[in-house]
Amino acid sequence: MRRFASMMSASAMALVAGAAAAEELTVAYFLEWPMPFLAAKADGTYDEALGMKVNWVAFETGTAMSAAMASGDVQIALSQGVPPFVVAASAGQALQTLDVAVSYSENDNCVVATALEIDKGSADELAGKKVAVPMGTAAHYGFLRQMEHFGVDVASLTVVDMAPTDGAAALAQGEVDFACGYGGGLARMKEHGNVLLTGAEKEELGILVFDVTSAPADFVVENEALVSEFLAVTAAVNAEWNENHDPEMLAKIAAESGMTPEEAEAAIETFAFPSVEEQLSPKWLGGNAQNFMKGVADVFVEAGSIGSALDSYAAAINTAPLAATQ
């Protein structure tokens with residue numbers, strides 16, 4: 001990360017300083033969600049590269065991140081789930097996806113209480129059960145798609161809106177029959193139940209699970225160079241992690257995410273951090289992500305979670321700042 005900071009030219013730093021309308025930047029992120037950027041956060045690399053103080057605020061859901069960006073309290077959300085992003089964009093909030101923060105099909109799932117002895121072969125027995133789901137999130141979308149796959153009528157279920165950590169507690173206490181979530185909440189859910197489908201099985205069904213870095217469109221327009229340098233720090237530290245899996249980095253990541261090194265390592269092993277080149281390819285932001293967002297929106301409309309979907313989500317993705325990091 002210090003290697004990256006030394007690579008920044010004086011002209012680039014001057015451009016960032018000139019483009020920034022604010023003297024400080026506030027970024028939303030998740031605790032118990034170990035990612036390489038946390039090592040850069042610990043080292044103050046973002047502050048050094050951007051030439052300003054970066055404030056980090058932890059959130060429990062991506063929907064709360066959208067609300068904070070709408071109020072102006074947060075300028076950038078790092079690792080916002082695609083579903084909450086789509087929900088906000090569909091409602092008319094002018095947000096833009098800036099990069100693919102992480103892909104994690106194994107780290108977002110639904111867990112059924114062990115005592116029920118229900119697996120993918122008997123999933124139809126979930127009808128009429130009670131489930132904890134963080135509404136409007138990636139876990140919500142995955143829940144809807146899995147129920148559709150198994151032929152379980154969501155209307156027959158009692159769906160309770162709960163953050164993953166609360167859902168895990170409810171599952172442990174027998175207050176719900178199954179729960180859906182991610183991160184540390186999912187890990188605790190697995191202590192009291194089993195997943196219906198593996199990450200690979202979900203991907204075969206077209207259930208992608210990834211987060212994005214997002215920001216209000218007007219902020220990006222007014223601060224494109226600043227945003228690009230922010231993304232460049234993230235890309236550099238992702239590349240460093242992908243190359244080395246350095247134990248020192250892991251220790252910083254764990255501390256910043258509020259996890260033990262062992263917990264952080266177990267979680268981050270299920271994550272993938274695509275390179276900038278990969279992110280700009282058709283598989284991701286070069287076309288597929290736009291189509292995927294439309295699919296997510298249509299599923300939410302059909303489920304009655306949102307009133308309507310946009311005709312296209314192409315305008316909700318801005319690859320210019322990311323492309324400028326190359």
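Tutor: Start with residue classes: Ala, Val, Leu, Ile, Met, Phe, Trp, Tyr, Cys and Pro count as nonpolar, Asp, Glu, Lys and Arg as charged, and the others, Gly among them, as polar. This is a predicted model, where local features need pLDDT of at least 70 and side-chain atom pairs count only at pLDDT 80 or more, while totals for chains, interfaces and linings use all residues. Residues are numbered from 1 along each chain as its sequence is written, and side-chain values use heavy atoms, with hydrogens and water left out.

Student: So what makes up the lining of the largest cavity, by class?

Tutor: Six nonpolar, five polar and one charged residues. The residues are Phe30, Trp33, Gly62, Ser79, Gln80, Gly81, Pro84, Tyr104, Thr137, Ala138, Tyr182 and Asp211. Asp is on the charged list, so Asp211 is that one charged residue. Strand S3 (residues 76-81) gives the largest share of this lining, three residues.

Student: What makes something a cavity and not a pocket?

Tutor: On a 1 Å grid over the protein atoms alone, a 1.4 Å probe fits in a cavity but cannot get out, whereas a pocket is an open set with protein on both sides within 12 Å along at least five of seven lines; lining residues have an atom within 4 Å of a point. By this rule there are three cavities of 30 Å³ or more. The largest cavity has a volume of about 70 Å³, a volume being the space filled by probe spheres set on the points.

Student: And what is the volume of the second largest pocket?

Tutor: About 290 Å³. Its lining counts 14 residues, with Gly183, Ala187, Met259, Glu263 and Ala267 nearest the centre. By class that lining splits into five nonpolar, four polar and five charged.

Student: Which helix gives the most to the lining of the second largest pocket?

Tutor: H9, with five residues. Helix H9 (183-189) and helix H14 (261-268) each supply at least two. Helices here are DSSP runs (H or I, at least four residues; strands are E, at least two), numbered from the N terminus.

Student: What makes H12 oblique to H13?

Tutor: Helix H12 (residues 224-244) and helix H13 (residues 247-257) pack at about 125°, with axes 10 Å apart. That angle makes H12 oblique to H13. Val237, Glu240 and Trp241 of H12 make the contact with Met249, Leu250 and Ile253 of H13. The classes here are five nonpolar, no polar and one charged.

Note on methods. Axes fitted to C-alpha atoms, helices over the stretch in contact; angles between N-to-C directions. Parallel < 35°, antiparallel > 145°, perpendicular 65-115°, else oblique. Contact = heavy atoms within 4.5 Å.
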